[in-house]
Amino acid sequence: MEEIPKIKPAFRTNHVEYAIRDIVEASKEAKRAGKELIYLNIGDPVQYGFSPPENILKAVCDALFKNYNSYSDSVGIPEAVEAIRNYALRKGIKPVDIYVTQGASEAIEFAISALVNPGENILLPCPCYPLYQAIVAKFEIRPRYYHLDEENGWEPELDNIEKLIDKNTKAIIVINPNNPTGAIYSRETLQRIVDLARKYRLVIFSDEIYDQFILEDNIEHISIASLAEDVPVVTFNGLSKNYFAPGFRIGWGIISGPEEILGDYIEAIHKLARARLCAPHPLQFAIPEALNNENGHLKKILSVLKHRRDILVNGLNQIEHITCVKPVGAFYAFPRLHLEISDLEFTKRLILEEGVVVVHGSGFGQKPGTRHFRIVFLPEEEKLYTALEKIERFIKKISSV
Ligand SMILES: Cc1ncc(COP(=O)(O)O)c(C=O)c1O
């Protein structure tokens with residue numbers, strides 16, 4: 001019988017990867033073998049027992065029952081856009097345009113794909129949140145990586161960055177607060193990025209999805225757009241993290257900078273928004289409810305989270321062969337392994353032998369010769385203590401061979 005050829009996926013999907021994928025298999029195997037798993041790999045607060053504030057849930061329920069179940073305006077309902085505008089103004093950003101999307105992920109994809117042609121390049125941090133690598137792979141954009149410096153609190157290394165820029169460089173991505181390192185960038189660093197963008201006419205993409213997750217009183221989060229009135233910036237944010245609502249799939253982009261040069265770009269983004277109709281309509285009613293009120297819900301949780309961060313980071317730093325820079329934002333740490341084992345093998349074996357699930361550093365990117373893993377400090381103290389014991393036991397085992 002004639003063999004029917006397999007359906008071939010498009011080339012554009014060949015390099016689309018997501019770091020989590022590699023560890024899923026190991027987790028399944030460990031589960032099959034009866035291991036109880038401690039998940040320290042998921043960037044979803046709801047999976048750790050946190051839930052969105054009640055007033056936000058109520059706003060969404062009301063919207064559902066009032067039958068706001070039609071399509072909405074493609075760039076968002078006016079009440080949401082107005083609330084985002086006011087939030088932006090409070091952060092010192094002067095919005096020229098705002099668009100509401102299906103999570104910050106879609107805002108990021110629209111902003112990049114509306115700007116950068118196949119073969120052109122953008123500057124990405126290394127390590128980086130893997131969505132960006134997936135988007136550049138899909139749109140055949142060339143990534144050029146600038147390193148984040150572990151020796152300097154994971155601040156971006158900007159001294160050599162000009163070498164990466166050529167006439168095809170369109171933009172620089174800044175993730176602040178950072179996933180996976182938990183760093184929050186200083187004003188000086190942000191100012192240097194603005195100067196660079198101004199000099200080389202780059203658009204700045206600033207991912208600020210964790211901007212309310214600040215774990216130290218003496219650190220403030222600065223929106224880079226507030227330092228750059230004359231530079232085009234798209235600032236991304238949403239409800240997934242600050243309001244514990246990742247399943248709502250609500251995010252947005254705020255475009256700022258010189259209005260006279262932004263018109264065509266804004267229209268290109270709006271075209272993409274119109275083509276997919278809209279973000280979930282009833283869920284958009286959560287935005288004004290969230291942004292027009294104090295986020296007291298998160299404030300209470302931050303002190304708990306800070307305590308968990310301290311348990312985890314102090315614990316890791318007491319384990320031989322591990323060092324960990326203290327994260328000051330978001331809910332991740334990116335500890336370094338001082339062992340000869342590859343980070344992927346370390347992670348897989350840690351899952352299989354001890355049931356502790358973390359993500360290998362190479363899934364985010366790391367300096368050649370260094371090895372890391374990403375670990376989440378959202379779980380309860382007990383779990384963190386148990387995980388630390390298991391990590392220590394595992395390290396002792398592999399370092400004694
Ligand atoms: C840095 C960063 N940006 C964007 C996202 C995606 O956000 P959303 O759920 O709004 O699509 C995440 C999710 O983990 C993230 O860590």
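This is a predicted model: local features need pLDDT of at least 70, side-chain atom pairs count only at pLDDT 80 or more; totals for chains, interfaces and linings use all residues.
The expected span of a helix is 1.5 Å times one less than its number of residues.

**View 1. Helix 9, residues 296-318, with its kink at Leu302.** Helix 9 runs for 23 residues and covers 34 Å from its first C-alpha to its last, close to the 33 Å expected at 1.5 Å a residue. It still has a kink of about 30 degrees, centred on Leu302. Look for Arg308, Arg309, Leu312 and Leu316, the buried residues of helix 9.

**View 2. Helix 11 and its buried face.** With 19 residues, helix 11 reaches 27 Å from first C-alpha to last, close to the expected 27 Å at 1.5 Å a residue. Leu384, Ala387, Ile391 and Ile395 are buried here. Seen down the helix axis, the buried residues of helix 11 fall within an arc of 70 degrees, so they line one face of the helix. Over on the other side, Glu382, Lys396 and Lys397 are exposed. The cover on the buried residues of helix 11 includes strand 1 (38-39), helix 9, strand 10, helix 10 (343-354) and strand 13 (356-357).

**View 3. Helix 7 and the loop residue Leu277.** Helix 7 (residues 259-275) has 17 residues and spans 24 Å from its first C-alpha to its last, close to the 24 Å expected at 1.5 Å a residue. At Tyr265 helix 7 bends by about 30 degrees. Just after the helix comes Leu277, with a positive phi of about 70 degrees. Leu277 sits in the loop between helix 7 and helix 8 (286-291). It counts as exposed because it has 11 C-beta neighbours inside 10 Å, and the cut-off for exposed is 12 or fewer.

**View 4. His321, a loop residue with a positive phi.** Most residues other than glycine have a negative phi. His321 is not a glycine, yet its phi is positive, at about 75 degrees. You'll find His321 in the loop between helix 9 and strand 10. There are 15 other C-beta atoms within 10 Å of His321, so this residue is partly exposed.

View 5. Most peptide bonds are trans. Pro127 belongs to the loop between strand 3 (121-126) and helix 5 (131-138). Pro180 lies in the loop between strand 6 (169-175) and helix 6 (187-200).

**View 6. The 14 residues around the ligand.** Coming nearest to the ligand are Gly103, Ala104, Ser105, Asn179 and Ser240. Helix 4 (residues 103-113) gives the most to the shell, with three residues. By type, the shell residues divide into six nonpolar, seven polar and one charged.

Terms used: Residues are numbered from 1 along each chain as its sequence is written. A residue is near a molecule or strand if its C-beta atom, placed from the backbone, lies within 6 Å of it. Helices (H or I, at least four residues) and strands (E, at least two) are DSSP runs, numbered from the N terminus. Ala, Val, Leu, Ile, Met, Phe, Trp, Tyr, Cys and Pro count as nonpolar, Asp, Glu, Lys and Arg as charged, and the others, Gly among them, as polar. The bend at a residue is the angle between axes fitted to the seven residues ending there and the seven starting there. A residue is buried if 20 or more other C-beta atoms lie within 10 Å of its own, exposed if 12 or fewer, and partly exposed in between; C-beta atoms are placed from the backbone. The arc is that of the directions from the helix axis to the C-beta atoms. Two residues are in contact if their C-beta atoms, placed from the backbone, lie within 7 Å.
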